[in-house]
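Take a look at the model below.

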Amino acid sequence: RIKTAKLTMQIEQQLADIQNVVDDVLKLAVSKGATQAEASMSKVQGIAVSSRMQEVENVEFTNDGGLGISVYVGKRKGSASTADLSKAALTLAVEKAVDIARYTSEDPCTGLADADLIATEFPDLDLYHPEELDTEKAIKTTIEAEKAAMDYDSRITNSDGASYNANLGMRVYGNTHGINAGYPSSRYSLSCMVIGAQDDDMQRDYAYTVSRKSSLLQSAASVGIDAAKATVDRLGARKINTANVPVLLHRDIASSLFGHYVGAISGGSLYRRSSFLLDSLGKQVFPEWLNIEERPLIKGGLASSSFDNEGVACADMTIVDAGQLATYLYTTYSSRKLNTRSNGHAGGIHNWLVGDTGHSDADLLKEMGTGLFVTELMGQGVNGVTGDYSRGAAGYWVENGIIQYPVHEVTIAGNLKDMFKGIVAIGAEKDVRGSVQTGSVLIDQMKIAGS
């Protein structure tokens, strides 16, 4: 407890010091001729340990920091960054940014976010749970995960390694509208990947856990066992014939489906007219029962923040309302290109909560009947302009709601518009380890390219 209190005091002092630097840099920018300016500064301390076959492979310490500044001279923008935080280096960065701004072309959409959108309240979102960066503990954790995996089944013959990461950091953002705010955060994670062999077949799979608080991570042994179990379950994988069948995306990978939706409704894609969801506001995109809510102020959330990367206040939003596209996602620049206003999405999304139909994963298999249960996706065959979707996949063949055997070397294909509207059900068992929290997703039909 004494060590934790000391770490907290240190971070609070560092946060105050960074805010002072940001304030000085903004004042300097104005004195050098900038009409507006914004600066962001981060500092991260961390440890990363990896092991392979229960032997330490790598130990890496991180102690990084840097400042980025953007200045505006009228409607001209210049930017510079520096990892050297000495007064001379900061002064040079500001001067270079102002020089660049004087020679760039004018852009009517450039500039700071509108002053009335800037955050003024900064609640404690419980994002910081410091712990001493203990090398011995990290090494013990990775080796324990690997040992549990190797001991699980004799068919686990090799390890692709285990990895433990701990990061304690802070971020401060300030601009000449008056905001100068920041917060500390922590993030801990553990992963393990192993290889299994049976006859001539070899497979690999992994498991991981992540949290703001290290005490909330899964135990090392359970991560190792989960990785081993997933690997063993894939042994004996077969190819299947080409068919059109229902597809169930496991919750661990289902968030990627909504990741494509994020890209399609982002302002940058819209003003470039490179989205398959152009001119779709208020239109039916998903089934009527589906809602998606954004909750940026969830305490301890992995994607929580009270303001975005431009200082715009984040607020609860309905992203999908009764299946309809309720809002696009705007940054300051994209909103001006589209003649609207930013809604706090510079830097990404904040805790999307995807609705569900109350099904367990076992219920979803029964609902699917016969089809493909996908647990891994490979490749990046997604066209954001047309919505065409084609990715390598592996998983399990299901008949009458019961898993029959593992499947590999297949491709699933469709169009995201059809896939979104064809969602039959979403499971209530959620994966909460990222910015999109969703259960497994059952899609009525997709093309499976196999033998």
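A pocket here is an open set of grid points with protein on both sides within 12 Å along at least five of seven lines, and its lining residues have an atom within 4 Å of a point. The model is predicted.

Start with the largest pocket. Its volume is about 1,100 Å³. The lining counts 41 residues, and Tyr206, Ala207, His250, Asp252 and Arg433 lie nearest the centre. Strand 6 (201-211), helix 4, helix 5 (251-264), strand 12 (371-378) and strand 13 (388-399) each give two or more residues to this lining. Strand 6 gives the most, with eight residues. By class, the lining of the largest pocket holds 16 charged, 15 nonpolar and ten polar residues.

Now the second largest pocket. Seven of the lining residues are nonpolar, seven polar and three charged.

Return to helix 4, one of the elements that line the largest pocket. It runs over residues 220-234. Its 15 residues reach 22 Å from first C-alpha to last, close to the expected 21 Å. Which of its residues are buried? They are Ala220, Val223, Gly224, Ala227, Ala228, Thr231, Val232 and Arg234. These residues cover an arc of only 160° around the axis, so they sit on the same side of helix 4. After the helix comes Gly236, with a positive phi near 85°.

Finish with helix 2 (residues 87-103). Its 17 residues should span 24 Å at 1.5 Å a residue, and the end C-alpha atoms are 25 Å apart, which agrees. Its buried residues include Ala89, Leu90, Ala93, Val94, Ala97, Val98 and Ala101.

Key
Residues numbered from 1 in each chain as written. Predicted model: local features only at pLDDT ≥ 70, side-chain atom pairs only at ≥ 80, totals over all residues. Heavy atoms only, no water. Helix = DSSP H or I, 4+ residues; strand = E, 2+ residues; numbered from the N terminus. Expected span 1.5 Å × (residues − 1). Buried < 20%, exposed > 50% of the residue type's maximum accessible area, 1.4 Å probe, protein only. Arc of directions from axis to C-beta. 1 Å grid on protein atoms, 1.4 Å probe; cavity = no way out; pocket = protein on both sides within 12 Å on 5 of 7 lines; lining within 4 Å. Points joined across faces, edges and corners; volume = space filled by probe spheres on them. Nonpolar A, V, L, I, M, F, W, Y, C, P; charged D, E, K, R; others polar.
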